[in-house]
Amino acid sequence: MAALAVVAAAGLIVDDRALVGAPIWLKPLKFAVSFAAYGLTLAWMLSRHAPPSRTGRWAAHTVVVTGTIEMAIITGQTIRGRRSHFNIETPLDRGLFLTMGVTIAVLWVATLVIAVLLFRARPGDRAATWAIRLGLLIALAGLLLGGLMAMPTPEQQAQGALRTLVGAHSVGIPDGGPAMPLTGWNTTGGDLRIPHFVGMHALQALPLFLYAIEALSGRFTRLRDERIRLRLVLVAAGFTTALLALVTWQALRGQALTHPDGATLGAFAALTAATAAGTFAALRRPGGDGTGPGTPSPSATPAEIAETAHPHHPEQELPA
C-alpha cells in the first residue's frame, strides 16, 4: 500500500484526467494511505496479543488479501478511466463493484475476529487495553456506515439511473460538486464519507491519544495514575462515538460539514461541554481532594507521611 501510494501520487502529477469532479488518481492515493494505516494499526494490536494466535494470524492474512483485491480493482478502474464505486453500467463494471462489496464484508468479519481476540486478552494495562478495544469497536461501526453509500438514492430511483449507478457519496446533491481540498468531501451537501472516515480512524485515534497522555505524564504527575488514564480514554471514546453519531446525522440531512445549521452547532456545543465536564471529572483523584484512603496529601509533612504509612493505634498499646 505504501508503494501504491507513491505510484498514485506520481499519477496525480503526470495524469491530468478527472473523474466525477476530482483528479482520477486521488481515490487510489487516499485508499492506499488509509489501508496502510489500517494494516499497520491492526498489526501493532495483534503484536500485543500474547501468545500469538493462529486465529489472529489467519484474520490478519484475510485483511491483507481482501485489501489487496479492493485496491487492485480501484487501481484497475482508474487506469481504465472508469468509476470503481457504484458503477454497474457494464457487466464488467457490475461484477467488479459486487466483488468489492464482498471483499469489504469479509474484511469487516476479519476485523471483528481480531476485536474478539483482543477482548479476550489483555494487550497492556487497563488504559491501553480499552483504547485498543474501543478503537476497534468504533472502527467496525465506521466500516458498517460505509454501507449507507451503496444504497440507491431517491434521485436514482426517480430518474431510473439504477441501470448505470447504484449508491452515492453525497446526500441531497449529485456526486462531483464543489469539494474540500485533499479529502474531497462535499461543501454543498451531505457526504457519507465523513462518518465512514471518523469511525474507521478511531482505530488509530484512541491509541495515539493514550500515547499522548503517557508522554505528558513526565510533566504532569497525575497522569501517571493508571485509573486516571483509563478514565480519560473512556471520555475520549465517548466523544468519538458521539461525534460519529453527529456527523452521520448531519450527512443524512444533506448538510455539508462546512455549513452546519443551528441544530448541528447546538449538538456539537453540548458534546463539547459534556466532554469538558467528563475530562474534569476524570482528572480528579479518588477522595475528591486528590487523595484516597491511606494516601498522603501532596502537602503533607514528613511526620504525616510516616503516620500514613505506619498508623499509630493507641488501643494496641493497652494491656490485654
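Phe86 is buried, with a relative accessible area of 3% (buried means under 20% relative accessible area, exposed over 50%, partly exposed in between, with a 1.4 Å probe and protein chains only). Keep in mind that this is a predicted model, where local features need pLDDT of at least 70, side-chain atom pairs count only at pLDDT 80 or more, and totals for chains, interfaces and linings use all residues. Residues are numbered from 1 along each chain as its sequence is written, and side-chain values use heavy atoms, with hydrogens and water left out.

Phe86 sits in the loop between α3 (54-80) and α4 (91-120); helices (H or I, at least four residues) and strands (E, at least two) are DSSP runs, numbered from the N terminus. Its contacts (heavy atoms within 4.5 Å), leaving aside neighbours within four places in sequence, include Phe97, Met149, Ala150, Leu165, His169 and Asp175. The C-alpha atoms of Phe86 and Ala150 are 6.7 Å apart, although 64 residues separate them along the chain.

Most residues other than glycine have a negative phi.

Now for the packing. A nonpolar core is a set of buried Ala, Val, Leu, Ile, Met, Phe, Trp, Tyr and Cys residues joined through side-chain atoms within 4.5 Å. The largest one has 30 residues, and Tyr38, Leu42, Met45, Leu136 and Leu203 have the most contacts inside it. At least two residues of this core come from each of α1 (2-14), α2 (26-47), α3, α4 and α5 (126-145), with α2 giving the most, seven residues. Not counting residues up to four places away in sequence, Tyr38 touches Val63, Leu107, Thr111, Leu143, Met200, Leu203 and Gln204. A second, separate core of 17 residues has Ile138, Ile194, Ala202 and Leu244 among its members.

Finally, what surrounds the second largest pocket? Its lining divides into 12 nonpolar, six polar and three charged residues. α6 (154-159) and β3 (170-171) each supply at least two of the lining residues, and α6 gives the most, with four. Asp, Glu, Lys and Arg count as charged, Ala, Val, Leu, Ile, Met, Phe, Trp, Tyr, Cys and Pro as nonpolar, and the others, Gly among them, as polar.
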